Amino acid sequence: LASDVLFSTPIREGLNLLPLEYVFVKKAPATPGVVIASEFAAVNSILNGALRANPYDLQSTATSIDKALTMDMSERKGRRSRDIEFVSSSPSDKWTQNVLRDLSDVTTGGGLGDDDASDDASGLQRNSLKFSKAIENVATFLERESSRAFTHLDTNAVIQAYNSTKKRAIILDFNGTIVIKEAAGKYLKREILGTSGFKPPVGVIKALTKLCEDPNNVVYVVSGDAQENVETAIGHIPGLGLAASNGVCFSPPSEGGRAQRKWHEFDLGVDWNEVKKVVLPVMSKYTARTNGSFIKLTHSSIGWSYYSCDPEWGALQASHLVLELEKDLRAFDVRFVTLKGVIELVPRRLNKGLIVKKVLRDVAARNGGGKSGVDFILCMGDDISDEKMFTSVFSFLAEMEEDPKNVIPSPHVCGDDAHVISTLGNVVHDGDAFMEEATPTRKTEYASTYAFTAAVGKKATHASQYVYDATDVADLLVSLSSVDMASEEMCWNNEDTSGVLFA
């Protein structure tokens, strides 16, 4: 009762009730305490108000202790309120009853009550079979409930939220989302990475143009392709922000179109000139011995493609290439990404979530910061590289409740004027600068924020909802923009626009 903090950091532990008892004895009118729980303990998944700590990470553990000791009373009470109702209604006898009930459910049907079952092997087999069926039933139930929660995106709900808000951010993936991704098999034996080279249909271009004309909107398209290809396809749309190479470089919205675009890049702490000195000689050696392979250089990545090689030989050479380079690259903050037919070397910190969070922070800063800085977010993507976009949206929403001093800023932008570069192309809209200058007083606005994260295709994802394919995305953009559309303007086979192949 006299302690202000309960510090429990086992390296492996089941359910320990001591932290729950600590929360209970600290209920009102007592002064609330703070629980620091190991992320390897079961109680960490139960107490929503506890601080997490990794016992193997001394620095983060020390930071958690410091935060607990200096935490103000309002946050202490808030953390206690997250857990006190659950803890108060879950005494130890209830836990015991639940465990016994679950055991009883598993063995219902005479397994334990059958006298013969305890004496012969056939009885044990029946119990084992019943137990297996019970586990299978639980898995089926969880899968069914998860499927029910993961619903198709309600277009009417998105339109209604869009029309009722004024501070909007729309962030879209390129290939597979506003451009249809073609089957990989179409490009067998060709030296490309097997995806569509078509620009978006005219209808999507018109919809994006109309959305960008609205001063209440910030629209960004984020692609994994090189900036030249992205700019060729959609860089002519005034007011559209672009991000290329998985978000490592970006071009703020321009009023004059493609000719006036200026590109900036994040500083991810990797000297690519030095990396190339190590990597290119080795990759050149493997290219010489592997027919059909080639080296692909982009803004902040080095790829070795064996897509057009003999599959077995190419995969074997790729595995040897990674093993040979891993030792030489230990001094650099890079990682290997294995895709279909290509090994890619990228900065360890690189993902599409960096640009998404930067855009959202800049939009919020432009509108005064706090929860009221952004009231509508639409984020859509189709593959695994877009998962970080979805999680960054949720992370942004969560950090609006945090003290600005505790928020990790976006990476610096390269250049002499890096400290003033914003994704919105305006100095005063730099969200990270806004956070650095903000007072520690937490924002208290309670305006509603609509956030829609949608995966293109129904699959396992961090997104909250899904659409079936890129045509659903196009229909949604057209509906939001309210543009008049002829049927031929939504044709996806624009042969005259297929000059550039996108990855």
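**Salt-bridge tour**

Start with Arg 168. This is a predicted model, and in it Arg 168 counts as buried, at 4% relative accessibility. The cut-off for buried is under 20% relative accessible area.

Asp 214 and Arg 168 form a salt bridge, with 3.2 Å between the closest N and O atoms. Arg 168 sits in strand β5 (residues 168–173), while Asp 214 lies in the loop between α8 (202–213) and β6 (217–222), so the pair ties together parts 46 residues apart in sequence.

Next, select Arg 361 and Glu 399. Their salt bridge has its closest N and O atoms 2.9 Å apart. Arg 361 belongs to helix α12 (residues 353–366) and Glu 399 to helix α13 (residues 387–399); the pair links distant parts of the chain, 38 residues apart. Are these two side chains buried or exposed? Arg 361 is buried at 4% relative accessibility, and Glu 399 is buried at 10%.

Move to helix α10 (residues 272–289) and pick Glu 274 and Lys 277. Their side chains meet in a salt bridge, 3.3 Å from N to O. The two are three residues apart in the helix, so about one helical turn separates them. Lys 277 is exposed, with a relative accessible area of 58%. Glu 274 is partly exposed, at 33%.

Last stop: select Asp 173, Lys 352 and Asp 386. A network of salt bridges links these residues.

Methods. Residues are numbered from 1 along each chain as its sequence is written. This is a predicted model: local features need pLDDT of at least 70, side-chain atom pairs count only at pLDDT 80 or more; totals for chains, interfaces and linings use all residues. Side-chain values use heavy atoms; hydrogens and water are left out. A salt bridge is a side-chain nitrogen of Lys or Arg within 4 Å of a carboxyl oxygen of Asp or Glu. Helices (H or I, at least four residues) and strands (E, at least two) are DSSP runs, numbered from the N terminus. Buried means under 20% relative accessible area, exposed over 50%, partly exposed in between (1.4 Å probe, protein chains only).
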